[in-house]
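Take your time with each one before reading its solution.

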Amino acid sequence: MSKTAPIRVKSTCPHDCPSACALEVEKLDERTIGRVYGAKDNSYTSGTLCAKVGNYAERVHHSGRLSKPLRRTGSKGVGLEAFVEISWEEALDEVSNRFKELSEKYGNETIWPHFYAGTMGLVQRDGIERLRHTMGYSRQHSTICSAASDAGWKVGTGAKRGVDAREIGDHSDVVVLWGTNAVHTQVNLMHHVAQACKRNAKLVVVDPYRNATAKRADLHIMLQPGSDGALATTLMHILLKEGLADRDYLAEFTDFSAELETHLDDKTPEWGEAITGVPAATIVEFARLIGQNPKSYYRFGYGFTRSRNGAFNMHAASCLPAITGAWKYKGGGALYSNAELFKLDKTLIVGSDVIDGNTRVLDQSRIGEILCGNPIDLQGGPPITGLLIQNTNPMMVSPSSLKVKKGFERNDLFVCVHEQFMTDTAAMADIVLPATTFLEHDDIYIAGGHTFLQVAKPVIEPYADARPNHYVICELSKRLGAEHPGFEMTTWELIDETLKRSGFPSAEEIYKNSWLDCARDFEEAHFLNGFETPDKKFHFSPDWSRLGKVNVSMPKYPDHYSVTDKRSDTKPYRLVTAPARQFLNSSFTETPTSQRREGRPTAKIHSDTCESLNLKDGGVVRIGNDQASVLVHVEVYDNLQKDVVIVESIWPNEHFVEGVGINSLVSSDPGHGIGGAVFHDTAVWLRREESQVA
Ligand code: SF4
């Protein structure tokens, strides 16, 4: 085909990131893109986007894209050379026939559709749920990302929404980025923060290490991982003691009580320092900053909630804008996620009308335990013998990755993976199906970080024989005998009907207008008409059971909830597996530019610790615990507490010195509350490795 002059086609970034950037994609011809740009006329994206998506041509046109359906004929884990090409018909027939055989033998719960957020597009991501529910396959408790943070936020406020981040630029006097390395993970937010800083607003960053975002802060609170609840509780103590609480607001909008005030009485700055490792004077400085500037905007991230006490800590932190009455002011209040702002009726997409409540629900983050047959995880039901995987790479991203690998190695497990690349998980599959990228299919997107609903059409033709998730789900439904109106619709029809049922304009109209801004008015966005709890108040003393089945009883009030992986003489350090800038979970780990910019897996370790262990910058260290040990290169880094180790990841396992990835060290224990993966809650030992690998 002859090349035409580049035009820009609008689209939406589908990656697992709160920004859901409005994009303009340079289209070079029907099959080729050029640069990708952030839409300048979208008031949140504001022309900003991350480098990895700006350079998306490298990913979509990567020579490693899967082009044909594949059947494995060689050993598991080898990669492309262990597979032969087959037709789509053969592949889909084989998957459905195997699923039927396995269902006949063990019952339908033996099949587990397993997915997550490789795309955030609602049709291509969530359609697998419709197949699950119509077939009565095992359900999934999605715990790998936001279960703990959702619980902690919603238990106080009642709803997963908050103040529009566009208020920051013109109105906030203080911006608090808590547990989010926004420069790495939601770069657009920094545009709005920069606007505020030009007006002399102060930026506070709460994070265990001086990451790229903390380097820009006026005040960096460098706390111990898992001590956020203690920090928030101490701040509440100081705000009340120094007369910086808004008592009128507390009386009108919250369940604040004398009992809570008594509880906070001994949570002094010194108490906080002993737990968080942050000097008492610094905690007082932080408290005064937010107390004297009620137009303080808190942007809470997921990072600090990936701990056994993560849900509890999120709730504790979310108490702060209530104590100071920050919610009352333009530029004040908080945002964790806006996912519940949009109120879409997703029945057609996920098949929520056909859910059988008796079907077991398996914890996604315990996939290793589940595949290895832990009877508690299997809940008395059959073993998992069939997996259908879309939009996730559990061999890399799941906790206890060695156990996950062991599970995938089972000879009696049949696995179908629908993917864009030969990932570590695809290499363990029996059948691999090539998947389209967002540039090659329709979808609809909401966002965590802003208020825009977006609809996107394909920009280019599908690569080779790659097909969308919706195609795979509908084709399998035909073969398996699953019936639901959603299987009879095209992706575009599903989007359009979903919008119609939700009271929104048509898909075509939203696409024509580029997006639909679903922002609520000031009172509603700031919960000034009441929070979304039963009594419309913010809850300092929440009822956790309102959110579902609670796995342990939680303390009544914000506090230090000391349930993290215990440090000991044999495991004296705390490991945090923070997000790398050039990767997004396991996506982008295949692109040469991301790999080059990240270098190699590296452990940031304090110089005093390095000295005591005779570790050298550029040498290697063995990091270990009861589960595994990992060999990784050392970066001497003083901007963290001496007993904290940071490994920015997620690097594919093969990039580690011994081929064992960082998640082998992470426990699959569920977070307290309603679960959640505990990626940043790992006590470890460090050892100098005698052979210092180059
Ligand atoms: S910042 Fe996030 S949403 Fe925007 S382009 Fe990058 S990954 Fe996508």
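Two exercises follow, each with a worked solution.

This is a predicted model, in which local features need pLDDT of at least 70, side-chain atom pairs count only at pLDDT 80 or more, and totals for chains, interfaces and linings use all residues. Residues are numbered from 1 along each chain as its sequence is written.

**Exercise 1.** Find which helices supply the side of domain 2 that touches domain 3.

*Solution.* Start with the domain bounds, which come from an automatic or database domain assignment: domain 2 covers 163–335 + 535–547 and domain 3 covers 573–688. Their C-alpha centres lie 27 Å apart. Next, take the contact (C-beta atoms, placed from the backbone, within 7 Å): 24 residues come from domain 2 and 23 residues from domain 3. Now look for helices (DSSP runs of H or I, at least four residues, numbered from the N terminus). Helix 7 (182–185) and helix 14 (310–318) each supply at least two residues, and helix 14 gives the largest share, three residues.

**Exercise 2.** Work out how helix 5 and helix 14 pack.

*Solution.* Helix 5 (residues 147–157) and helix 14 pack at about 40°, their axes 7 Å apart. Angles under 35 degrees count as roughly parallel, over 145 as roughly antiparallel, 65 to 115 as roughly perpendicular and the rest as oblique, so helix 5 and helix 14 are oblique to each other. Finally, list the partners: among them, Trp153 and Val155 are in helix 5, and Phe312 and Met314 are in helix 14.

Methods. Two residues are in contact if their C-beta atoms, placed from the backbone, lie within 7 Å. Axes are lines fitted to C-alpha atoms, for helices over the stretch in contact, and angles run from 0 to 180 degrees between N-to-C directions.
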